[in-house]
Amino acid sequence: MHTRTTARRRAAMALVAACTLAVTVAGCGGTTKVDTKSESTDKGSDSKADPNAPLKKGLRIAFLPKQINNPYEVIVDKAGIDAAQEYGGTAKEVGPSDASASSQVSYINTLIRQKQDAILIAANDPNAVCGPLKQAMSRDIKVVSYDSDTAKDCRQVYINQAGSEEIGRSLIRNLGKQLDYKGDIAILSATQNATNQNTWIQFMKDELKKPKYRNMKLVKTAYGDDDDQKSFQQTQGLLQAYPKLKGIISPTTVGIAAAARYISGSSYRGKVVINGLGTPNQMRNYVKDGTVEQFSLWDPGKLGYLASYAAAALSSGQITGVEGEKFNAGKLGDYTIGKDGEIILGPPTVFDKSNIDKFNF
Ligand code: RAM
């Protein structure tokens, strides 16, 4: 367990400094630094959106990522925490050290007890977290899912990094071109229950049904659980089990980095194509040494920033999560809520030798 809190203490907080306590608790596979403060009683109401309502000051929001030691989630949450400073709120990150289905439940319960204004969650499982999130919403704690969604009635809005269909189909399109539309391929995913990866994989499979991919065959989907070592071993296992494998798509930053590391030190380098979703900083060396030609991602910092502003807009009554409502996300500009409460950040970027050095995340 782990907590990251904004350094900024608002002047008003000084008055309640006596109630503010930093406690270190051991448990759930790690350490938590809990920041307890006097409770806010003035929470946003769900009834009707007021687009002109000002963002409330002193909001307390918490990011609950899939797992705290995932470099991608670290970037997302850090940006969201920094964004809270802009609107005069306090944000923190708490979460499990593994991405298993129910690992987030105890954290949600703690955040409810702390009466946070909003919980932002990258759900490890669409259903395991639903009950506790509904509990939170019934207590007027706003719930924003980001990165990986829960069921749509278990949160008010979902901040999607890019259109799910576009992510899934484009990964197959890109690998197809690299392989000249021929050969056995495999997917190295995160956990079996991850909503985001599973949605992308559905679209990949659907894309593969098109006639132009008739000579490409998906032989296996393996799961590295967003664990570096397990993803490394799964890559090795795939290549041993399927000697004719021509390509691997890993739609997870943890998976693609581990797969590239394995391939770069093996005889498969230059023979098996790796594509998927990665961060430029984790993938830079593999692009430069020729292990990986290209991969995609969005700006994780912008995802966290947008999620943070959405939480503030919900908690301030500017939006309630209904399609068509609009809010301002600071330096990212205006966003409109789409169908089923989905808010899309923007299209993914493809990174390769020509542009990777322009990005530093
Ligand atoms: C990993 C996580 C995350 C996903 C990225 C692309 O870091 O699985 O959920 O969005 O990859």
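Predicted model: local features only at pLDDT ≥ 70, side-chain atom pairs only at ≥ 80, totals over all residues.
View 1. For T253, the distance from a side-chain N or O atom to an oxygen atom of the ligand is 2.6 Å. A polar side-chain atom of K66 lies 2.8 Å from a ligand oxygen atom. A polar contact is a pair of N or O atoms within 3.5 Å. Residues are numbered from 1 along each chain as its sequence is written, and side-chain values use heavy atoms, without hydrogens and water. Local features need pLDDT of at least 70 and side-chain atom pairs pLDDT 80 or more, while totals for chains, interfaces and linings use all residues.

**View 2. The shell around the ligand.** The ligand is surrounded by 14 residues, each with a heavy atom within 4 Å of it. K66, D147, N196, D226 and T253 are the closest. The shell consists of four nonpolar, six polar (Gly among them by definition) and four charged residues.

**View 3. Helix and domains at the ligand.** With three residues, α6 gives the most to the shell; helices are DSSP runs (H or I) of at least four residues. The ligand lies between domain 1 (60-161 + 300-346) and domain 2 (164-297), because both give residues to the shell around it. The domain bounds come from an automatic or database domain assignment.

Conventions:
Polar contact = N/O pair within 3.5 Å; in protein donor to acceptor, adjacent residues only side chain to side chain. Helix = DSSP H or I, 4+ residues; strand = E, 2+ residues; numbered from the N terminus.
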